[in-house]
Amino acid sequence: MLRVTDDAEPITTVWLVPHTHWDREWYEPFQRFRLRLVDLMDDVVDRALAEPEFRFTMDGQMAAVDDYLEVRPERTEAIRRLVARGQLAIGPWRVLMDEFLCSGETMIRNLEIGLADAARLGPSMPVGYLPDMFGHCAQMPQLLLGVGIERACVWRGVPAGVKRSEFAWRSPDGSTIRTEYLANSYGNAADLFADTEGTAGRLLARIRTQSQWYAAGGFLAMYGTDHAAPLPGLLDQVAALNASDGPEVRVATLTEYLDAIPAPVDSPVVPGELRSHARANILPGVLSVRWPLKEAMAVSERLLARYAEPLAALVLREVPQGYLDLAWRRVVDASCHDSVTGCGVDETALQVQARLEEAGHLAQAVRDRALDLLAQASPAGSVVVVNPLPTPRDDLIELTLPVPSQWPAVELVSSTGQVVATQELSRPEPVLARETVASADLQRLIHRIHDRELFGLQLTGVDIDADERRVTFALAEAGDPGFDSVATGDRLAQAAARHTPQAPWEVVTRAAPTRTLAAKVPVPALGWASFQVRPGQAVAEPSNAASPLVPGGSVLPILCADRTLDNGLIRVEVHDDGTFSVRGADGSFATGLGRIVDGGDCGDTYNYGPPGVDALVTTPLSVTVESGGSRGPVLGRLTVTRDYALPATSDHGGRSAEVVATPVVMHLEVRAGEPFVRVAVSWENRTRDHRLRLHLPTPRTASGSHAQGQLAVVSRSRHPESGPVGEYPLATFPAERFIDAGGLGAILTRTTEYEITDGPDGTEIALTLLRAVGWLSRNVHPHRNEPAGPQLPTPAAHVIGPGSLNLAVLPHDGSWAQAGLGRWAESMLHPVVVLRGGASEGSETDSVEGLTIDGKEVDLLSLRRREDGWLQVRVVNSCDEPDTLRLSSAVRPVLAAVRCDLLGRHGEVLDVIDEGAVLVPVRPWEIATIALDVGAAPLLERQ
């Protein structure tokens, strides 16, 4: 035994866990790393087969195993044998994701896919192994327990209050999991066998400096590091150690170590997310580098989880499950902690972007198949609106319709005869092209036509006036199925023959008259509604007189003056400097919103790094404000354009004297019934080594913030915990859906980095629009004492070119919950889908409810149809109070219902009440999965 001090627990056993940490793609792209993986796994498999005492833990992720077997399928049975014998620990994850740059549902699918893949080879490692994520989300204990995993293992983000290697980690719902803290990283014994001579001395020295973490006489020695395999002769060296005077060294998997160490009875409880800088770098700059990856992740996740999968379940008799499975694998694989983070080389980022785009294409194909069926069930020319929310809603749609020019106005009428509020936005120019063509070239015009398509529309006819030498191509949404290109070409040739070869002809391409409209339409829960299009009566344009703000709702028209928007719930005014103020119906007021602040950034993809002497740019060279040009009952818009002179580049000394003109455009929009202003910010990045931020001053002084993400709302201090490690504790944080601070809410459409800062007149929410950096990691960094990776150039991480971020700003009294930020975020992030009816005859406009979920603050996470035909619904109760959810459908009653775990395994049978509905009690912040039997036919199927 080795006793470090008289009162220390004697170390009797060293648990040596051989492993590797396999970054699937990082400073080299995936396929370059994979060849090294094949070599490593060949060695591990051969050694394990030859040495029954050898153990290896495969990094907690199945992707590495699958990637190997795709190249070496003949080793599948060998892998199965090693897993069965307990020599090789695989799973439970598909990949080791970044927990703040993907959704909670994506993490659940990560576990689902990883556990299923592992099960084909043998039992999965029953440990939530999270060795290298850049911090950990608050709901992780609940996610792990929800799939039957009762232990976690973490390194980064653990607070300084944890003094031993184990603690109890608690989610907001109360779920608590035994957690092993890798106090000295996942490679605390990586160099133990660097040479045979000094191994015993290194081991004893390691124990003397680290054993204070371990209370049960056992010392965890993680023997491995990035992309490394155990050295040859490992077991011989272990035998030599065991023959010397010291503690016993046992080669083990991580599971064997945790099984052997009893859980302490007095473990400290650590609630919520783990984002402390106290003992390990959490590298927060990955939140804001390469913003297109974050945008693609958010878009793909929502498209898949909230549109494609639910619509397939509710509409299609045959769900294309293979397509959905492929899409989920693409999304999950992109969520790797060195992938979506953007902290790899440019080749890696390109591959991740393509993977996410492919996931979006897969999801679009499934979604559109379901939408096509709904369109074919509605009258031709009608407007069909589909609602992805599990609650009825009135939502704004914007669409362009063919409208006869003689119609004074356009009305949309529901199946019940309700005329919805409609506003004309514009009348697009019908002449798409006008050109002069010689007679000799006239017949060649027919070759422009692809089938019946021209300029993205369909041909309805070709008018040839030989006397006036004029040809008019008439286009519309629906073309003439009898169009004959050969006959039309002959007609053109005959007309041209009447004139000399050089005689000029006027050729006009004209679309049918159209109008772009906005309308606020009612749609049932997870259902659809169709609307008849008919002529309406012209109404007088509203004046621009100021309207009173009306608490609780407004029936007033939206007023849009030169610099003012007002919908009766919120008033927006644009100032001379291009910022704006908002006033809510409850009297809350914020001003100076939308201030642009640009500073130097000589950091890297992992950490922001300010220059030694920074020069902030805050004042625009010019400001222009334009009205949207339309006033009416549902929509008002203003556009603010500001031009800035930004330094061309930065370095450790400061920012360059050379400046580049950089435009920033801000579109402001208010909609009927919404107590917030929508803000669309766009820019053209032309400079390097800088950080561009949008500042939102708060109505009240903010001592901290709340942010929603990964199925929880977390409270954060302005002063993150620091420690003796080499990273400056910058107070920047991630937010997936909204931020709230000092009476101001900001709803976000992608995960965004934010900081609560001190501005000229109080506290401000600073949103990072862009971090433009040119290095994967820097060896010399102003905010980090050690590199986070190799110093490799990443020129594409400057993201030169156009960029954008959509958000909404909501001033309020009270808390984020009282302001309804969660509900408004859910509505803004999941707009209705609009399409045109296509039935030829026999159909009528209709309104069909799919599935309704009633609850105080319930968020739908996913809805899918299982192999047994049941619907599986997953929700989270997003509030601090327990609730009882009610699930029902107006189409047909629920026949049976069962509460499930996160993998869909049946648990408690739920009672179906007389109305054919199901009541589901839920804890605060509980993630609940429910299986429903609603019959064999899809709920929204049209007979």
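Biologist: Quick one to start: in β19, which residue is the bridge partner of V471?
Modeller: That's V507. Keep in mind that we're looking at a predicted model.

Biologist: Is β18 largely enclosed or open, and why?
Modeller: Largely enclosed by the rest of the structure, because 5 of its 7 residues, in the run 470–476, are buried.

Biologist: Switching to helices. How do the axes of α10 and α11 cross?
Modeller: They come within 8 Å of each other and cross at roughly 155°. Anything over 145 counts as roughly antiparallel, so that is what α10 is relative to α11. α10 is residues 321–334 and α11 is residues 346–376.

Biologist: Left-handed or right-handed crossing?
Modeller: The α10 and α11 crossing is left-handed.

Biologist: Which residues in α10 meet α11?
Modeller: On the α10 side they include Y323, L324, A327, R330, V331 and A334. Among their counterparts in α11 are V352, L356, A359, L362, A363 and V366.

Biologist: Now the sheets. What's the strand order in the open sheet of 5 strands?
Modeller: β4-β5-β7-β6-β10, and the pairing is mixed. The edges are β4 (128–130) and β10 (269–271), each pairing on one side only. Neighbouring strands are turned by 30° against each other on average, ignoring direction.

Biologist: Over how many bridges do β6 and β10 pair?
Modeller: 3 bridges, in the parallel sense. In that pairing W169 stands opposite V270 in β10.

Biologist: What about the open sheet with 9 strands, what's the order there?
Modeller: β28-β29-β30-β31-β40-β37-β36-β33-β34, with antiparallel pairing. β28 (622–627) and β34 (712–717) are at the edges with a single partner strand each, so one side of each has no neighbour in the sheet. The twist averages 20° from one strand to the next.

Biologist: Which residue stands opposite A707 in β36?
Modeller: I739. The strands there are β33 (residues 704–709) and β36 (residues 738–741), which run antiparallel and are joined by 3 bridges.

Biologist: Which strands of the sheet does α13 touch?
Modeller: α13 packs on the sheet and touches β31, β33, β36, β37 and β40. Its direction makes about 30° with that of β37.

Biologist: Is α13 mostly covered or uncovered?
Modeller: Mostly covered, with 7 of its 9 residues buried. Those buried in α13 include L821, A825, E826 and L829.

Biologist: One more residue: where is R771, and is it buried or exposed?
Modeller: R771 is in strand β39, residues 762–772. Its relative accessibility is 0%, so R771 counts as buried.

Methods. Residues are numbered from 1 along each chain as its sequence is written. This is a predicted model: local features need pLDDT of at least 70, side-chain atom pairs count only at pLDDT 80 or more; totals for chains, interfaces and linings use all residues. Side-chain values use heavy atoms; hydrogens and water are left out. Buried means under 20% relative accessible area, exposed over 50%, partly exposed in between (1.4 Å probe, protein chains only). Helices (H or I, at least four residues) and strands (E, at least two) are DSSP runs, numbered from the N terminus. Two strands pair if DSSP finds at least two bridges between them. Axes are lines fitted to C-alpha atoms, for helices over the stretch in contact, and angles run from 0 to 180 degrees between N-to-C directions. Angles under 35 degrees count as roughly parallel, over 145 as roughly antiparallel, 65 to 115 as roughly perpendicular and the rest as oblique. A crossing is left-handed if the near helix is turned anticlockwise from the far one by less than a right angle, and right-handed if clockwise. Contact means heavy atoms within 4.5 Å.
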